[in-house]
Amino acid sequence: FPQRASDTGYGMALYEYHQGNFFQALTRLNLANSEGGISGHGDHPLLVEGGLMLGYGMTREAQALFQTLLDEADVSNQTRNQAWFYLGKVFWLEGDAGASTDALERVDGDLLEDTDEALYHEWLYLKGQWLVGENEAAKTKERLDDILEELPEQSPWTWYLRYNRAVQLLADGDLQAAVESLSALIEEAVPADDLPPETADELSALEQQARLT
């Protein structure tokens, strides 16, 4: 997102967004739209609004927004790239593997990493999630390992992906591999001192879930 907001309505929406007040942020955006829209930020407000809709499970409404961006001829490469990411996330939330994979494959990973590192990490996670469900064990493991190498070691996405892979091994009846994966996850689940408290708490909770599993 832009570092500075030249439109007051958008600036207030971003403030609420970064405070975690997603409903208020969505309300601010809708209010600004009803008063003539938001200027000075290209298509960024639509990306924010669509992302907020996803947080509330409004996948169809979010999909319509992202599709609108992709249908526009003069959308910037950065905005189009993020729209493909969010569209892939929409289909992932709806369990549409084919459509989600197709949209995620259209994302330029290098561009996404340069413009929004957090989205880049989530993009890797979503790609990894579809791989977890594949049955080609050797090929899947290699591709998952490549994704895990790209993710930061202390990222929640890394831990979730590792945990979900272990759970899938358990579901497939590979008890030994599942136990080994979960044991490694538990042994390494030591949050770094410089992690934000909420992230450290999240990793600790996942470690407890791994022990329970």
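Q: Buried means under 20% relative accessible area, exposed means over 50%, and partly exposed lies in between. In this predicted model, is W157 buried, exposed or partly exposed?
A: The relative accessibility of W157 is 25%.

Q: How far apart are the end C-alpha atoms of helix α4?
A: Helix α4 covers residues 59-71, which makes 13 residues. At 1.5 Å a residue the helix should span 18 Å. The model agrees with this, because the distance between the end C-alpha atoms of α4 is 18 Å.

Q: How wide is the arc that the buried residues of α4 cover around the axis?
A: The buried residues of α4 are T59, A62, Q63, L65, F66, L69 and L70. They lie on the same side of α4, because the arc they cover around the axis is only 160 degrees.

Q: Which exposed residues does α4 carry on the face turned away from its buried side?
A: An α-helix has 3.6 residues a turn, so residues three or four places apart point the same way. In α4 the buried side includes A62, F66 and L69. The face turned away from that side carries the exposed residues R60 and D71.

Q: Within what arc do the buried residues of α12 fall?
A: Helix α12 (residues 197-212) has 16 residues and reaches 23 Å from its first C-alpha to its last, close to the 22 Å expected. Its buried residues are T199, A200, L203, L206, E207 and A210. They line one face of the helix, because down the axis of α12 they fall within an arc of 125 degrees.

Q: Which residues are exposed on the other side of α12?
A: The buried face of α12 includes L203 and L206. On the other side, the exposed residues are P197, E198, D201 and L212.

Q: What geometry does the pair of W92 and Y125 have?
A: Five aromatic pairs are found in the structure. In the pair of W92 and Y125, the ring centres are 6.4 Å apart and the planes stand at 70 degrees. Planes over 60 degrees apart count as edge-to-face, so the pair of W92 and Y125 is edge-to-face.

Q: How many residues apart in sequence are the parts that W92 and Y125 tie together?
A: W92 lies in helix α5 (residues 77-93) and Y125 in helix α8 (residues 117-132). W92 is partly exposed at 25% relative accessibility, whereas Y125 is buried at 8%.

Q: Which class of ring pair do Y125 and W157 form?
A: The ring centres of Y125 and W157 are 4.7 Å apart, with the planes at 35 degrees. Because stacked pairs have planes under 30 degrees apart and edge-to-face pairs over 60, the pair of Y125 and W157 is tilted.

Q: Which residue meets E122 in a salt bridge?
A: The structure holds seven salt bridges. In one of them, E122 of helix α8 is linked to a residue of helix α5 that is 33 residues apart. Both residues are buried, and the N to O distance is 2.8 Å. The partner of E122 is K89.

Q: How far apart are the closest N and O atoms of D102 and R106?
A: D102 is partly exposed, with a relative accessible area of 41%. R106 also counts as partly exposed, at 48%. The two form a salt bridge in which the distance between the closest N and O atoms is 3.2 Å.

Q: Which helices does the salt bridge of D145 and R165 link?
A: The side chains of D145 and R165 meet at 3.1 Å, N to O. D145 is partly exposed, with a relative accessible area of 24%. The two residues are 20 residues apart, and the helices they link are α9 and α10.

Q: What accessible area do L170, L175 and V179 have together?
A: L170 lies in helix α10 (residues 156-171) and is partly exposed at 35% relative accessibility. With L175 and V179, L170 forms a nonpolar patch on the surface. Together the three residues have an accessible area of about 250 Å².

Definitions and conventions
Residues are numbered from 1 along each chain as its sequence is written. This is a predicted model: local features need pLDDT of at least 70, side-chain atom pairs count only at pLDDT 80 or more; totals for chains, interfaces and linings use all residues. Side-chain values use heavy atoms; hydrogens and water are left out. Patches are made of residues with over 30% relative accessible area and no salt bridge: like charges are joined within 9 Å, nonpolar side chains (Val, Leu, Ile, Met, Phe, Trp, Tyr) within 5 Å. Accessible areas come from the Shrake-Rupley method with a 1.4 Å probe; for residues, only the protein chains shown count as cover. A salt bridge is a side-chain nitrogen of Lys or Arg within 4 Å of a carboxyl oxygen of Asp or Glu. Helices (H or I, at least four residues) and strands (E, at least two) are DSSP runs, numbered from the N terminus. Buried means under 20% relative accessible area, exposed over 50%, partly exposed in between (1.4 Å probe, protein chains only). The expected span of a helix is 1.5 Å times one less than its number of residues. The arc is that of the directions from the helix axis to the C-beta atoms. Rings of Phe, Tyr and Trp (its six-membered ring) pair if their centres lie within 6.5 Å; planes under 30 degrees apart count as stacked, over 60 as edge-to-face and the rest as tilted.
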